[in-house]
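Work through these exercises with the coordinates open. Try each task before reading its solution.

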Amino acid sequence: MKILKDLYYTKDHEWLRVEGDEAYIGLTDYAQDSLGDIVYVELPEVDDEFNKEDAFSAVESVKAASDVYMPVDGRIVEVNESLLDEPNLLNEDPYKNWIVKIEIADKSQLEELMTSDEYEQYLEEV
Amino acid sequence: MYPYIQNTPDDVKKMLEAIGIDSVDYLFSDIPENVRLNRELDLKPSMSEMEIERYMTDLSKKNMTINNLTCFLGAGAYDHYIPSVVKHITSRSEFYTSYTPYQAEISQGTLQYIFEYQTLICNLTGMDVANASLYDGGTAIAEAAFMSANITRRNQILVSKTVNPQYRQVLKTYGHLHNFEIIEVGEEDGVTNLDELKKLVTDKTASVIVQSPNFFGIIEDLKAIEEIVHNQKKTLLITSVDPISLGILKTPGSLGVDIVVGEGQSLGISLQYGGPYLGFIAVNKAHMRKLPGRLVGQTVDINGERAFVLTLQAREQHIRREKATSNICSNQGVNTLAAAVYLVALGKKGLREVAIRTTQNSHYAYREMIKSGKYKPLFHKPFFKEFAVTSNIEPDAINKKLLDENILGGYALGKDYPQYKNGILYAVTEKRTKAEIDKLISVLEGII
């Protein structure tokens, strides 16, 4: 299972790539592989605000549906609209194809997330 | 013939022994003493089959139905004509016994008629997607409100006071545990007060619910309402419609309505003492993944032949669990079929004829009723098949006089709208003849 360095990870298998006060959020390789062929991605709207662990998106595969949760508090600044027409981009390259870009409300919350090493270890346990 | 007895005293004794208690009464000990009957039911110990059949037949003759009364009552349930083909097709055992499909794809016949029903509802309402049906008009409104809250992530619902009072009651019941803030929008001359609506719609409003033709039978200005509602970026417009009226009125889809719902009883389903009825719901493609309930889609099988499947099931609770769009996992099976057969039997032209004749009849009755001045119109707005009048006599007294003449009178508005204490709402469908309407008028004229 592919895990990229320099990203933060959550127990719900989201990744977060920080750029200044903003961050991209997506699904990990493990998540897309578990879901199987993704047929639909529900996106939030720009300016929607969410708290950490709120569901901000939902990903639907042929026989399952799963919510995507906020790793930290934040406001949506951009959504990846290409996923509406091509949801399978999440299967093809889950790290290149982010779901949303957010403005992080409180950067200290990043410390509560897992590093790539920690996530790798976490995957061995699940 | 030996009479049918569910449990002999010996059976009862054995069962009580098996579960270790000494009386049947003990099983009811959780029910508070003050709400119990505390006596035996007033039933004779035993009757022969022949006796019981005669007894029940005599008892049933006390019921008054629209077969022996001339019906001018509406207010949500209507006496439209049901072509006999509806009864013949719905009572076929292949259809009659089939419940909502659980082993779905093995029931191709059931899926096909549901798909056809969905297609007909889409054509009727001018929307993209309709589900396999909901319980009734009231729950359809509540489900639409859930949808709007889900889509907008807001919990304030505005509902016009011209929406059927029972539907508003259902909405309150359903909304209670969802923490809905339900605000009723006032009514003026029988229609939604647009100035009040304008003030109430804010960026907190999930949806606005109106009905057209509304509870008073009046056609609401949907175009104006749509403009007010969509002035707010996310707020959705939910409209409950009378499907028969769509034979002549513009489709809600063409007027920009986001969620169309309604009661489908008028579509070939008899009045059956208030239910079961049929709720329909239709939306545009953008919102289809938020639809509640079953949805049938058309596809091709392994041989390339047309086939039907349950689709977009990730919305539903067997996959999505507590995150499902709704807890409904059923549909109104045989009533859905009745509606589909009714619409196909009538066709576009037939439905238009029913709607036109209904309008002509109701307007004839209205003109005749207000002619002498004894009964005054309550409102002065365009209406479809129902209209309200008032007089200085109590509705109960009027309806009793009408019943003496085998006429089922109108709906007394005072219970739901205290300001219209003596108001009566009459419904006149295509079934009413001129002679029946003339008789209604002559009895009414004789009362005052």
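This is a predicted model: local features need pLDDT of at least 70, side-chain atom pairs count only at pLDDT 80 or more; totals for chains, interfaces and linings use all residues.

Residues are numbered from 1 along each chain as its sequence is written, while chains are lettered from A and ligands numbered from 1 in the order in which they are written.

**Exercise 1. Describe the fold of chain A: which elements does it have, and in what pattern along the sequence?**

Step 1. Count elements as DSSP runs, numbered from the N terminus: helices are H or I with at least four residues, strands are E with at least two. Chain A has four helices and nine strands.

Step 2. Read them in sequence: β-β-β-α-β-β-β-β-β-α-α-β-α.

Step 3. Look at contacts (C-beta atoms, placed from the backbone, within 7 Å). Of those in chain A with a separation of 6 or more, 63% join residues 24 or more positions apart.

**Exercise 2. Which elements of chain A touch chain B?**

Step 1. Six residues of chain A are in contact with five residues of chain B.

Step 2. Two elements give two or more residues to this side of chain A: β4 (38–42) and β7 (65–69).

Step 3. Sort by class. Ala, Val, Leu, Ile, Met, Phe, Trp, Tyr, Cys and Pro count as nonpolar, Asp, Glu, Lys and Arg as charged, and the others, Gly among them, as polar. The side of chain A has three nonpolar, no polar and three charged residues.

**Exercise 3. Classify two helix pairs of chain B, α11 with α13 and α6 with α7.**

Step 1. Under 35 degrees counts as roughly parallel, over 145 as roughly antiparallel, 65 to 115 as roughly perpendicular and the rest as oblique.

Step 2. Helices α11 (333–371) and α13 (434–447) of chain B pack at about 25°, with axes 10 Å apart. That makes α11(B) roughly parallel to α13(B). The contact joins B:N361, B:Y364, B:A365, B:E368 and B:M369 of α11(B) to B:I437, B:I441 and B:L444 of α13(B). By class, six are nonpolar, one is polar and one is charged.

Step 3. Helices α6 (137–152) and α7 (165–176) of chain B pack at about 45°, with axes 8 Å apart. That makes α6(B) oblique to α7(B). Residues of α6(B), including B:G137 and B:A145, meet residues of α7(B), including B:Q166 and B:G175. This contact divides into seven nonpolar, five polar and no charged.

**Exercise 4. Are B:K61 and B:Y420 buried or exposed?**

Step 1. Count other C-beta atoms, placed from the backbone, within 10 Å: 20 or more is buried, 12 or fewer exposed, in between partly exposed.

Step 2. B:K61 sits in the loop between α2 (49–60) and β1 (70–71) of chain B. B:K61 has 9 such atoms, so B:K61 is exposed.

Step 3. B:Y420 lies in the loop between β16 (411–412) and β17 (424–427) of chain B. With 20 such atoms, B:Y420 is buried.

Step 4. Beyond its neighbours within four places in sequence, B:Y420 is in contact with B:L378, B:T390, B:L413 and B:G414.

Methods. Two residues are in contact if their C-beta atoms, placed from the backbone, lie within 7 Å. Axes are lines fitted to C-alpha atoms, for helices over the stretch in contact, and angles run from 0 to 180 degrees between N-to-C directions.
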